[in-house]
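Thanks for coming. I will go through one structure this morning, starting from its overall make-up and ending at a few individual contacts.

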Amino acid sequence: LAQVSFVGIGGCRSHFRMVVLEHGLGSLRLRWTKRALSFRTLATRATRSKTEVDRVKHVVAVASGKGGVGKSSVCVNLAFSVQKLGYKVGILDADLYGPSLPAMVPPEVGGAGPRGTKDGKIFPFIFHDAPLMSMGFLRPGDYSAIRGPMVSAMVQQMLTQTLWGDLDFLFIDLPPGTGDIHLTVSQQAEVDAAVVVTTPQQLSLLDVDKGIRMFDGVNIPTACIVENMLALHSILALMGH
């Protein structure tokens, strides 16, 4: 166990407890201390042509078994904390059903929003020199029901057609659970590692194992488990709740 403190955008400090898995954070930490990530997944993926995401050196998926555990907040704080170490980072909000990135980084606080190019590429929203992409930027306020095949196609387009540039790290905020979007990301990008976010409640912890097994199934190592909202849980415990 390790107490971890991330200083994110606006100087906001978030506290987590991180459970390091045997094959995980040691290697991941090497990347964030000026060394290269040692575990690139070796799974045989579907043959595909080169896309914009192939210019990214390392891809990290941030996931959770349940919603409401602070996964998106962890993803954003993690990305900008890594940026403070001198790396070039980007964030993809792959949760089409409930995109959170526009709420945490509103378009009005940055420069020009996403826009398309003549050849079908997408210029991302730039904030503090980091490219960000979310369906909430492309279609603000339009979160209608979307069928599975369309979801996969939309995520694939944002992932592979966004002009990420030469990034060191791309952090992908996945939707809760395990489903089509997770499989699409694992097929369309060489994901180096997954970070699984949970809260101290037993009900939330039950789904952590499902998420890890899903990543194991597509040969993506789970680097660590982030136990979020630990301070709140401790306060409630002291109060007898």
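Buried, as I use the word, means under 20% relative accessible area, with exposed meaning over 50% and partly exposed in between, for a 1.4 Å probe and protein chains only. What you see is a predicted model, in which local features need pLDDT of at least 70 and side-chain atom pairs count only at pLDDT 80 or more, while totals for chains, interfaces and linings use all residues. Residues are numbered from 1 along each chain as its sequence is written, and side-chain values use heavy atoms, with hydrogens and water left out.

First, the whole chain. The protein chain has nine helices and eleven strands; these are DSSP runs, helices being H or I of at least four residues and strands E of at least two, numbered from the N terminus. Of its 241 residues, 51% are buried. Contact here means heavy atoms within 4.5 Å. Taking contacts between residues at least 6 apart in sequence, 74% join residues at least 24 apart.

Now the aromatic residues. Rings of Phe, Tyr and Trp (for Trp, the six-membered ring) pair if their centres lie within 6.5 Å; planes under 30 degrees apart are stacked, over 60 edge-to-face, and the rest tilted. The structure holds four such pairs. In one of them, the ring centres of Tyr 87 and Phe 169 are 5.5 Å apart and the planes stand at 90 degrees, so this pair is edge-to-face. Tyr 87 sits in the loop between α2 (71-84) and β4 (89-93), and Phe 169 in strand β9, 82 residues apart, so to speak of the pair is to speak of a link between distant parts of the chain. Phe 169 is buried, at a relative accessible area of 1%, and Tyr 87 is buried too, at 12%. Together with Phe 171, Tyr 87 and Phe 169 form one aromatic cluster.

Next, a helix pair. How do α5 and α6 cross? The axes of α5 (residues 148-161) and α6 (residues 180-188) come within 9 Å and cross at roughly 40 degrees. Axes are lines fitted to C-alpha atoms, for helices over the stretch in contact, and angles run from 0 to 180 degrees between N-to-C directions. On the α5 side the contact includes Val 151, Val 155 and Leu 159, and on the α6 side Ile 181 and Val 185. The buried residues of α6 include Ile 181, His 182 and Val 185, and among the elements covering the buried residues of α6 are α5, β9 and β10 (191-198).

Last, two buried side chains. Thr 162 lies in the loop between α5 and β9 (169-173) and is buried, at 0% relative accessibility. A polar atom of the Thr 162 side chain lies 2.5 Å from the backbone oxygen of Met 158. Beyond four places in sequence, Thr 162 is in contact with residues including Glu 52, Ile 122 and Gln 157.

Ser 134 lies in strand β8 (residues 130-134) and is buried, with a relative accessible area of 0%. What does the side chain of Ser 134 join through a polar contact? The partner is the side chain of Asp 93, at 3.1 Å. A polar contact is a pair of N or O atoms within 3.5 Å; within protein, one must be able to donate a hydrogen and the other to accept it, and residues adjacent in sequence count only if both atoms are side-chain atoms.
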